[in-house]
Amino acid sequence: YDFGPVAWKNTLGFSRSEVSRYGTGDVTSTWLRYKTIGGSRFDSAYATWGSGTTASEGSMGDYEQSQDETTWKSILDFDPVHTGILSHVFQTGIEVLHMDAAAESTGYTTYYSPSIPNSQADRDKIPAGPGNIEGEQFAQNKTVQDAYSRSASVNSYAWFGQDTIEIGRLTLRPGLRVSHDDLTGNIDPAWRFMADLDVFDDDVVPLIGGANRYYGSQMLAYALRKNTEMHRYKRSFSGGKLGDWVYDKTTGGKNYNLDELDTPYADELMGGITLKALDTRFGMRAESRKHRDQLRTALDANGDTTLNNSGKTDYWGVTWTVERDFNTEHMGDHTVELGITRSNTKSDGTDFDSSFLNGDTGSVIEWEKVYFEGSLMPRSNLPASNYNRPWVGTLTHTARFMDDDALRWFNVLRNKGPGTDLVRTGTFTDTDGLRYDAYEARTFSDSVTVDTAVEWDALRHQDHVL
């Protein structure tokens, strides 16, 4: 809407995303493939697949997750205001978001810590049934997660404003954004500042720089994970008889006091230069981002998982680009860009509870310790993880066809150089049958990915596009 010196723009949006996993059953089991008894090897007649000493089978039931977002963005754009040698263009607006999320699981039972009795007479006394291989072995532990269904919602509000100031060849863009949500109750002010200098006032050598703060989190996802408890049971074989299941303890409780947490944020510094010569654009851009107050998990005195703001991650990167346009009479207009990035990303740890699907087995793992480089160590002593590939090269091609560029084709070829990172390789089981997450430092080789996308404006009418 145009009101003379002010233009009022409004955008309404809705999106829905779903994640699902459907299993063939609701029982998983771990068996021994073999056991050395008195110097001789006893091989399982049933668990003949896999590698190493154990073999696993089964499914963890069904899981569904959905998320709906409704957004409204309203912006006021003011006409330029001239004050002496300065020119101002003000912009202000609000953003409103309502999000609903839901998760549902059918639950499952996990049998683990398998044991094979030493004598055939004792093995013959193992009956058929869940957690048993008749006449051979049995599971000493089981964990049961009950079926559950839960939902959560959040409303967030933000105001933002900025002033684009032009002083001859220099353009400054200071701004401020203040956001609030009713899940954490936090009020988060974030500054924005950008500067652009046209060195020779001919658009040949522009310099850019900026300092910005960004807030963001996945608080709603954590709200869905609260109180996902799992019940542990144990049994033993003694006196020639397999005992009944005995309740051991309940683990996996999540005491997430979201209203006591700060909102994670990132402070960014960036600068760059572009040179236009020989119908080609040469550029270099450097960035530094410091992520602070990131969410991390820990265990309290009751064994429940809690959240805190102890996490941090540092990133720096330098990108060099070469870009050129190619215009043809009958084959469309094309833009090709070659980019090379050297970067480093280092984090003090990982949020090991950040995934719904990966987190389902958390309660059968002994949380306090991990297996790393051949020994058990406190989880908190894991070395910092380096998540980057130091060198990344990209080749980007954009093509525009038909009148008014109604048909557009986008292609990206990306080559990631080798890199080293800390990765979870599975689990380690000690002599008592307790399981721990296992990690190792792993080197990754080169990898190549190709992305392509096509956009077509099939129907245009005034401001409407299909």
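The legends below describe close-up views of a predicted model. Local features need pLDDT of at least 70 and side-chain atom pairs count only at pLDDT 80 or more, whereas totals for chains, interfaces and linings use all residues. Residues are numbered from 1 along each chain as its sequence is written, and side-chain values use heavy atoms, with hydrogens and water left out.

View A. Strands are DSSP runs of E with at least two residues, numbered from the N terminus, and two of them pair if DSSP finds at least two bridges between them. Strand 25 (residues 369–372) runs parallel to strand 31 (residues 435–444), and three bridges join them. Y371 is placed opposite A438 of strand 31.

**View B. The salt bridge between D77 and K9.** A salt bridge is a side-chain nitrogen of Lys or Arg within 4 Å of a carboxyl oxygen of Asp or Glu; here the N to O distance is 3.3 Å. The pair links distant parts of the chain, 68 residues apart, with D77 in strand 6 (residues 63–78) and K9 in strand 1 (residues 6–21). D77 counts as buried because its relative accessibility is 18%, while K9, at 47%, counts as partly exposed. Buried means under 20% relative accessible area, exposed over 50%, and partly exposed in between (1.4 Å probe, protein chains only).

**View C. The salt bridge between E95 and K73.** The N to O distance is 3.6 Å. E95 is partly exposed at 23% relative accessible area, and K73 is partly exposed at 34%.

**View D. The salt bridge between K290 and D314.** The closest N and O atoms are 4.0 Å apart. K290 lies in strand 22 (residues 280–299) and D314 in strand 23, 24 residues apart. Both count as partly exposed, K290 at 40% relative accessibility and D314 at 28%.

**View E. R232 and its contact with Y112.** R232 sits in strand 16 (residues 230–234) and is buried, with a relative accessible area of 5%. A polar contact of 3.3 Å joins the two side chains. Such a contact is a pair of N or O atoms within 3.5 Å; within protein, one must be able to donate a hydrogen and the other to accept it, and residues adjacent in sequence count only if both atoms are side-chain atoms.

Note on methods. Helices (H or I, at least four residues) and strands (E, at least two) are DSSP runs, numbered from the N terminus.
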